[in-house]
Amino acid sequence: MLRNFFLTVILLTGGCLLQAQNREYVIVVHGGAGDVAGLESDPVRSAQYYAALDSALSIGDRILATGGEGPQAVMAVINYFENNPLFNAGKGATCTADGTFELDASIMEGKDLSAGAVAGVKTIKNPINAAYAVKTKTPHVMLSGTGADLFAAEQGLEQVDNMYFATPKTMKWIDKLKQESKKNGTVGCVVLDKQGNLTAGTSTGGMFKKKWGRIGDSPVIGAGTYADNQSCAVSCTGHGEYFIRHAVAFNLCARYKFLKEPVEEAADYIINVELNANEGNGGLIAVDKDGNIAMPFNSTGMFRGYLYKEKGGAAKEKKVGIGKTMVSIAE
């Protein structure tokens with residue numbers, strides 16, 4: 001049974017800016033951007049997504065509230081998304097043109113710019129954990145394909161058969177390969193922890209019917225994921241080719257750092273001007289070093305949410321959204 005929510009509806013215009021208020025920590029999540037027209041008017045299905053976003057934020061909150069660091073929170077949140085078939089990451093990934101599954105993930109820490117990524121993996125249950133292992137256990141940034149799967153197995157990370165990632169809906173796509181995927185791209189999490197460090201992570205089940213081992217922006221540091229303590233932590237979702245061409249995640253950090261643009265202004269320009277002009281569909285989530293948040297998208301919606309806690313008090317603010325409407329969830 002879906003849990004009951006006490007919700008206060010707040011109408012927004014797609015992006016979100018929160019002024020820094022001595023925040024103790026901040027967590028922002030996304031579950032992909034795309035065509036979600038009509039989903040908000042379906043109370044049962046929308047409640048499932050609201051509940052999932054709420055759960056993801058609560059998982060991260062429990063870690064950050066007790067002094068846990070950004071990477072711990074980011075991995076725990078993305079593990080939750082990877083294990084939830086509602087989202088295109090891990091279990092429930094979309095299939096390739098060959099009817100198999102290839103997954104990507106990346107993670108980056110802003111305090112030292114260390115990063116790790118895996119691309120085109122087929123047997124790693126939680127690719128974000130493998131990305132972190134690449135960051136911490138190798139001198140490399142990205143491993144791909146069979147090599148990445150073998151590395152993860154050597155590290156003791158849980159392995160699964162490739163068909164583990166399928167769901168009944170996915171199997172219908174494999175059988176027919178006629179309809180376009182309704183999954184919305186990617187999942188991600190960005191964090192400003194109590195230590196003042198920024199972390200970003202992204203994971204995806206790939207593009208439906210992709211060929212030739214195509215890799216999108218999710219595992220590409222600077223395109224789908226970036227974090228720098230001097231600027232922002234960013235996770236992107238959308239048509240990966242455009243996010244790679246525009247180096248979206250790094251672009252946002254550079255505009256913030258060098259042009260001194262507020263995080264919302266920089267994010268809004270990239271998503272709604274640069275990408276829109278080139279038909280680059282998608283969105284991003286970001287938190288800057290002061291705790292300000294941006295969540296713009298140029299599609300009909302983006303599964304997203306944030307939670308923050310101010311210093312010196314017990315008050316927390318938590319909101320989740322699908323389309324242009326966001327709802328406030330009582331703690």
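I started with the aromatic pairs in this predicted model, and the count came to nine.

The pair I opened up to begin with was Y49 and F87. Their ring centres lie 5.6 Å apart and their planes stand at 85°, so I noted the pair as edge-to-face, given that angles over 60 degrees fall in that class. I then checked where the two residues sit: Y49 is in helix α1 (residues 43-65), while F87 is in the loop between α2 (70-82) and β3 (103-109). The two are 38 residues apart, and their pair links distant parts of the chain. Buried or exposed, I wondered about Y49 and F87? Both turned out to be buried.

Next I followed F87 to another partner, F303. Here the ring centres are 6.3 Å apart and the planes are at 90°, so I wrote down edge-to-face for this pair too. F303 belongs to strand β12 (residues 301-310) and F87 to the loop between α2 and β3, so the pair ties together parts that are 216 residues apart in sequence. I looked up accessibility as well: F87 has 1% relative accessibility, so I count F87 as buried. F303 comes to 2%, so F303 goes down as buried too.

Which residues do ring pairs link into a cluster with F87? I found Y49, Y80, F81 and F303 joined with F87 in this way.

Last, I turned to charges over rings. R23 lies over the face of Y308, 4.0 Å from the ring centre. I also found the charged end of R245 over the ring of Y242, at 5.0 Å from its centre.

Methods. Residues are numbered from 1 along each chain as its sequence is written. This is a predicted model: local features need pLDDT of at least 70, side-chain atom pairs count only at pLDDT 80 or more; totals for chains, interfaces and linings use all residues. Side-chain values use heavy atoms; hydrogens and water are left out. Rings of Phe, Tyr and Trp (its six-membered ring) pair if their centres lie within 6.5 Å; planes under 30 degrees apart count as stacked, over 60 as edge-to-face and the rest as tilted. Helices (H or I, at least four residues) and strands (E, at least two) are DSSP runs, numbered from the N terminus. Buried means under 20% relative accessible area, exposed over 50%, partly exposed in between (1.4 Å probe, protein chains only). A charge sits over a ring if NZ of Lys or CZ of Arg is within 6 Å of the ring centre and within 35 degrees of the ring normal.
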